[in-house]
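Look through the structure below with attention to its aromatic rings and to what surrounds them.

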Amino acid sequence: LRELAKAAADHIPERVAFYAPLIGVDWRGITIRNQRSRWGSCSSKGNLNFNWRILMAPEPVCDYVVIHELCHLIHMDHSEAFWQQVKEACPGYLQYRGWLRQNGNLLYPF
């Protein structure tokens with residue numbers, strides 16, 4: 001578990017750093033957590049939180065979660081404008097969101 005959490009702490013910030021300029025946002029901090037009900041979250045202060053378990057998902061799904069949270073830096077809701085922003089940065093987001101809904105529980109084997 002610690003190895004996966006450490007790998008997430010290395011990998012996820014790299015993905016944030018890759019996608020943030022493409023979306024046009026800056027973030028304040030990144031925290032990797034062991035969450036039970038969320039894959040990620042974003043605070044109004046620009047802090048991003050990610051569940052380390054997302055690293056066990058396929059890479060495009062992990063990227064979708066990163067993009068989703070970065071888009072919250074523009075739209076702090078799940079409005080139509082938010083989902084349009086997500087779609088522009090991640091055209092296949094519906095597929096990845098569906099994967100999480102269908103398979104997310106598999107990322108909690110322990």
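In this predicted model, Y93 has a relative accessibility of 10%. That value is under 20%, so Y93 counts as buried. W83 is buried as well, because its relative accessible area is 16%.

A pair of aromatic rings is described by the distance of the centres and the angle of the planes. The structure holds four aromatic pairs. One of them joins F18 and Y19: the centres are 4.9 Å apart and the planes stand at 90 degrees, an edge-to-face arrangement. How exposed or buried are these two residues? F18 has 43% relative accessibility and therefore counts as partly exposed, whereas Y19, at 13%, counts as buried.

W83 and Y93 also form a pair, and this one is stacked, with 5.5 Å from centre to centre and 20 degrees between the planes. The pair links distant parts of the chain, since W83 belongs to helix α3 (residues 80-89) and Y93 to helix α4, 10 residues apart. Together with F82, these two residues make up one aromatic cluster.

The charged end of R97 sits over the ring of W83, 4.4 Å from its centre. R15 lies over the face of F18, at 5.0 Å from the ring centre.

The last stop is N105, in the segment after α4 (93-103). Its relative accessibility is 57%, so N105 counts as exposed. N105 and R36 are 69 residues apart along the chain, and their C-alpha atoms are separated by 10.0 Å.

Methods:
Residues are numbered from 1 along each chain as its sequence is written. This is a predicted model: local features need pLDDT of at least 70, side-chain atom pairs count only at pLDDT 80 or more; totals for chains, interfaces and linings use all residues. Side-chain values use heavy atoms; hydrogens and water are left out. Helices (H or I, at least four residues) and strands (E, at least two) are DSSP runs, numbered from the N terminus. Buried means under 20% relative accessible area, exposed over 50%, partly exposed in between (1.4 Å probe, protein chains only). Rings of Phe, Tyr and Trp (its six-membered ring) pair if their centres lie within 6.5 Å; planes under 30 degrees apart count as stacked, over 60 as edge-to-face and the rest as tilted. A charge sits over a ring if NZ of Lys or CZ of Arg is within 6 Å of the ring centre and within 35 degrees of the ring normal.
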